[in-house]
Amino acid sequence: MNGAVGTFIVLVVLVSVVCIVVRSMIKDKKSGKSLQCGGDCGKCKGCH
């Protein structure tokens, strides 16, 4: 039973971290920031 509880806790932590990262990426995308572009169309040749 203890192994199942430990696995569940690790799973909850991993899901939480993934949710935080995805939320941060969505927030950056809405504010015009992204890993692909950075908002400088001179560098990425008109991505938006």
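**Reading the surface and the helix**

In this predicted model, the protein exposes about 4400 Å², and carbon and sulfur atoms supply 69% of that area.

Me: How many helices and strands does the protein have?
Reply: It has two helices and zero strands.

Me: Why is Val12 called partly exposed?
Reply: Its relative accessibility is 38%. Buried means under 20% and exposed means over 50%. Val12 lies in between, so it counts as partly exposed.

Me: What makes the nonpolar surface patch that includes Val12?
Reply: Val5, Phe8, Ile9, Val12, Val13, Val17, Val21 and Met25 make it, and its area is about 710 Å². Patch residues need over 30% relative accessible area. Val12, at 38%, passes that cut-off.

Me: Where is Val12 found?
Reply: Val12 sits in helix α1, residues 2-30.

Me: How do you know that the span of α1 agrees with its 29 residues?
Reply: At 1.5 Å a residue, α1 should span 42 Å. Its end C-alpha atoms are 42 Å apart, so the two values agree.

Me: What comes just after α1?
Reply: Gly32 takes a positive phi there, about 95°.

How values were computed
Residues are numbered from 1 along each chain as its sequence is written. This is a predicted model: local features need pLDDT of at least 70, side-chain atom pairs count only at pLDDT 80 or more; totals for chains, interfaces and linings use all residues. Side-chain values use heavy atoms; hydrogens and water are left out. Patches are made of residues with over 30% relative accessible area and no salt bridge: like charges are joined within 9 Å, nonpolar side chains (Val, Leu, Ile, Met, Phe, Trp, Tyr) within 5 Å. Accessible areas come from the Shrake-Rupley method with a 1.4 Å probe; for residues, only the protein chains shown count as cover. A salt bridge is a side-chain nitrogen of Lys or Arg within 4 Å of a carboxyl oxygen of Asp or Glu. Helices (H or I, at least four residues) and strands (E, at least two) are DSSP runs, numbered from the N terminus. Buried means under 20% relative accessible area, exposed over 50%, partly exposed in between (1.4 Å probe, protein chains only). The expected span of a helix is 1.5 Å times one less than its number of residues.
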